[in-house]
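Open the structure in your viewer and get ready to click along. We will go from strand to strand and then stop at a few side chains.

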Amino acid sequence: MKNTASNIDQVVTGAQGRFVSVLVKKGLQRKAHSAKVAKVTSSHVYFTDTNNGAPNRRVERNRVLRVACGKAVFARSTM
């Protein structure tokens, strides 16, 4: 997938409450979430995970590798 957004905020703003695909790294593991993003701060991304039983999640922004919603995609270059 090609980057169509320069940062996470652009994808979340365009999503307007729709589901967003979030890829998060934890060490060598990668985990995909189907989520609704609640808010994005300078250090964290807060979202509701619809795949898992954990309703509210907070992830450090630098651990988010990819955020996609429709044609809007933000992917970190360190993938």
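This is a predicted model. Start by selecting strands E2 and E3: a hairpin joins E2 to E3 through 3 residues. Now look along the two strands, which pair in the antiparallel sense over 5 bridges. To see one place where they face each other, pick Lys36, which stands opposite Thr48 in E3.

Click on Phe47 and look across to E4, where its bridge partner is Arg57.

Stay on Phe47 for a moment. Leaving aside neighbours within four places in sequence, its contacts include Val22, His33, Ala35, Val37 and Val59. Phe47 also belongs to the largest nonpolar core, a set of 16 residues, and is listed with Val20, Val22 and Val64 as having the most contacts inside it. To see where this core comes from, colour helix H1 (8-15) and strands E1 (20-26), E2 (29-40), E3 (44-49) and E5 (64-69): each supplies at least two of its residues. In soluble globular proteins, nonpolar side chains tend to be buried together.

For the last stop, select Asp49, also in strand E3. Which side chain of opposite charge is nearest to Asp49? It is Arg57, 4.4 Å away. A salt bridge needs the charged atoms within 4 Å, and Asp49, although buried, has none. Now show His33: its side chain makes a polar contact with the side chain of Asp49, at 2.9 Å. Among the other residues in contact with Asp49 are Ser34, Ala54 and Pro55.

Key
Residues are numbered from 1 along each chain as its sequence is written. This is a predicted model: local features need pLDDT of at least 70, side-chain atom pairs count only at pLDDT 80 or more; totals for chains, interfaces and linings use all residues. Side-chain values use heavy atoms; hydrogens and water are left out. A nonpolar core is a set of buried Ala, Val, Leu, Ile, Met, Phe, Trp, Tyr and Cys residues joined through side-chain atoms within 4.5 Å. Buried means under 20% relative accessible area, exposed over 50%, partly exposed in between (1.4 Å probe, protein chains only). Helices (H or I, at least four residues) and strands (E, at least two) are DSSP runs, numbered from the N terminus. Contact means heavy atoms within 4.5 Å. Two strands pair if DSSP finds at least two bridges between them. Lys and Arg count as positive and Asp and Glu as negative; His and the chain ends are not counted. A polar contact is a pair of N or O atoms within 3.5 Å; within protein, one must be able to donate a hydrogen and the other to accept it, and residues adjacent in sequence count only if both atoms are side-chain atoms.
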